[in-house]
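I opened this entry to keep track of what I look up in the model. Short notes follow, one topic at a time.

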Amino acid sequence: MINGIWKEERVLQRYTRKQIVESVPQTGFFGHPKGLFTLFFTEFWERFSYYGMRAILVYYMYYEVSKGGLGLDENVALAIMSIYGSLVYMSGILGGWIADRVTGTSNAVFYGGILIMFGHIALAVPGDVAFFFLSMVLIVIGTGLLKPNVSSVVGEMYDEKDARRDAGFSIFYMGINMGAFLSPLVVSFFSDRYDFHAGFGVAAVGMFIGLIMFVLTRKKNLGLAGTQVHNPLSAEEKKNFLKIFIVSAIILAIILPLSISRNWLTIERFVALVGLLGILIPIAYFVVMYRSPKTKPVERSRLLAYVPLFIASVMFWAIQEQGSTVLANFADQRTQLDFWGIRINPAWFQSLNPLFIITLAPVFAWLWVKMGERQPSIPKKFALALVFAGLSFLVIIVPGYMAGEGALVNPMWLVLSYLIVVFGELCLSPVGLSATTKLAPEAFQAQTMSLWFLSNAAAQAINAQLAKFYTEASEMVYFGTIGLVSIVLGILMFLISPAIQEKMQGIK
């Protein structure tokens, strides 16, 4: 059986990118390959499960046990939420490596979905903090396998010069946000009506539906896309990898419980460790890919161009991802939730970001097409994203100043903040996904996509440290400082954009 799999992988190496593209039905889903339908709905349901769970997770952690929560300290809950988000994206390193060297991206997506579903099932079962962390481990590993690789498969369906490529990623991005919009509303309904575990159960059902959709349509719609192992392990390397994996798992199974029981590994130390890894791992990744003999000279130039884009992405996500931590806490503790005769669930605010993206993404896509060659370059779009992100935090200062410490603020200010950051997200996220597939070295296709998601991991690792400084008394300084730093970086990015564009070696 194993030998058969290895032989099949070697056969797949003979397929060229052109053959893979030609194997995918090229029209049928809004003028795009039919495979986009499969990936659109797979990611829709995966994001439904993830964002539905995330919308209530921070409240589950710090609500009292009498209210169905775990009763953790608020600042600890915010830090865990950020670290969890960081690890979700950091695990994309492992997922990208496994796809590039062992399974191919399509199989990695399938196995990741299974682990995510079991993680949500574990959350749906009442348990203690230890059981909660077990569910987190399953979701972290599963998302690492699924998220970067499903995006890579989208890129594989198009030729590098296919004019539909950016539009295809925009449609795919709509699938992400449709799932993200509906899930907080649905999951919070069940968590309100029953309990948190019922809400997590709904998230598990969402991932199950996504898996069924993927299995039933991938062979017909995706063709060879996602089946190629770009940089396969030899038989000897596979044996060594299996040995290392087993030994590492045994060592961790011994060390972790011992470290926790003797108080060597505390939450604070773990947060600091992940924060350090969030910065060091991307640096190491850039160095390895840049120095690899498999990376061509033109690809090295493109990697250099990718560095400032990565840094800008970290700054942007450091603000955007606080929508599920600091701003979620702001919605729960500082916002007037009885508004216009409606009792607002604070989890509903998590639907604002995807709602605005669904509404505005077609507008931005139309705008870029309308502008044609006159549209901003990739670096300039990133610069705009940083300016919008900074403004979204500066907006929060206004109600805090007007209402004063301890007063509840009008929820429309929070709505405005989420709206402004979406302007930035539409300048950065779909563009960044597309740019990553274009700038990636051939031998590191899936791993470069993992690197893109590492910018989010680094951002949330930083947020775990920043959350310590957020209090009701310091919120004006907190939002103002971070907002101004983002705007300054945006201006700098705009000034150096011609140099970045030159290093991209013809990629636009």
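**W368.** I began with the contacts of W368. Beyond four places in sequence, W368 touches Q375, P376, K381, L426 and C427. I placed W368 in helix α14, residues 352–371. Is W368 buried or exposed? Its relative accessibility is 13%, so W368 counts as buried. The cut-off I applied for buried is under 20%.

**Confidence.** I am working with a predicted model. The mean pLDDT of the protein is 81, and 88% of its residues reach 70 or more. Where is confidence lowest, and where highest? I found the lowest in helix α1 (residues 2–12), with a mean of 38. Helix α18 (residues 475–503) is the highest, at 91. Over residues 1–14 the pLDDT stays under 50. For that stretch the model has 13 contacts beyond four places in sequence.

**Whole protein.** I counted secondary structure next: there are 18 helices and two strands. The protein has 508 residues, and 55% of them count as buried. I looked up the accessible surface, which comes to about 22,000 Å². Carbon and sulfur atoms account for 70% of that surface. I also checked contacts between residues at least 6 apart in sequence. Of these, 82% join residues at least 24 apart.

**Nonpolar core.** Which members of the largest nonpolar core touch the most other members? This core has 134 residues, and the answer is L57 and F479. Helix α3 (residues 35–62) gives the largest share of the core, 17 residues. I noted a general point here: in soluble globular proteins, nonpolar side chains tend to be buried together. I then listed the partners of L57 beyond four places in sequence. They are M81, Y84, F132, M136 and F200.

**Helix α4.** I tested the length of α4, residues 74–90. With 17 residues at 1.5 Å a residue, α4 should span 24 Å. How many of the residues of α4 are buried? I found 13 of the 17, so α4 is largely enclosed by the rest of the structure. I also looked at the start of α4. There a side-chain oxygen of D73 comes to within 3.0 Å of the backbone nitrogen of N75.

**S91.** I moved on to the loop between α4 and α5 (92–103), where S91 sits. S91 has a relative accessible area of 14% and is buried.

**Helix α6.** I repeated the length check on α6, residues 105–124. Its 20 residues reach 29 Å from first C-alpha to last. That is close to the 28 Å expected at 1.5 Å a residue. I then noted the buried residues of α6, among them A108, V109, G112, G113, I116 and H120.

**S429.** I found S429 in helix α16, residues 411–439. At 5% relative accessibility, S429 counts as buried. Which residues is S429 in contact with, beyond four places in sequence? They are Y173, W317 and W452.

**T471.** I looked up T471 in the loop between α17 (445–466) and α18. Its relative accessibility is 36%, so T471 counts as partly exposed. T471 and V326 are 145 residues apart along the chain. Their C-alpha atoms are separated by 9.4 Å.

**I507.** My last stop was the segment after α18, where I507 lies. I507 is buried, with a relative accessible area of 14%. I listed its contacts beyond four places in sequence: R302, K438, L439 and Q501. How far apart in space are I507 and S377? They are 130 residues apart in sequence, and I read 9.9 Å from C-alpha to C-alpha.

Key
Residues are numbered from 1 along each chain as its sequence is written. This is a predicted model: local features need pLDDT of at least 70, side-chain atom pairs count only at pLDDT 80 or more; totals for chains, interfaces and linings use all residues. Side-chain values use heavy atoms; hydrogens and water are left out. A nonpolar core is a set of buried Ala, Val, Leu, Ile, Met, Phe, Trp, Tyr and Cys residues joined through side-chain atoms within 4.5 Å. Buried means under 20% relative accessible area, exposed over 50%, partly exposed in between (1.4 Å probe, protein chains only). Helices (H or I, at least four residues) and strands (E, at least two) are DSSP runs, numbered from the N terminus. Contact means heavy atoms within 4.5 Å. The expected span of a helix is 1.5 Å times one less than its number of residues. A polar contact is a pair of N or O atoms within 3.5 Å; within protein, one must be able to donate a hydrogen and the other to accept it, and residues adjacent in sequence count only if both atoms are side-chain atoms. Accessible areas come from the Shrake-Rupley method with a 1.4 Å probe; for residues, only the protein chains shown count as cover. pLDDT is the predictor's confidence in each residue, from 0 to 100.
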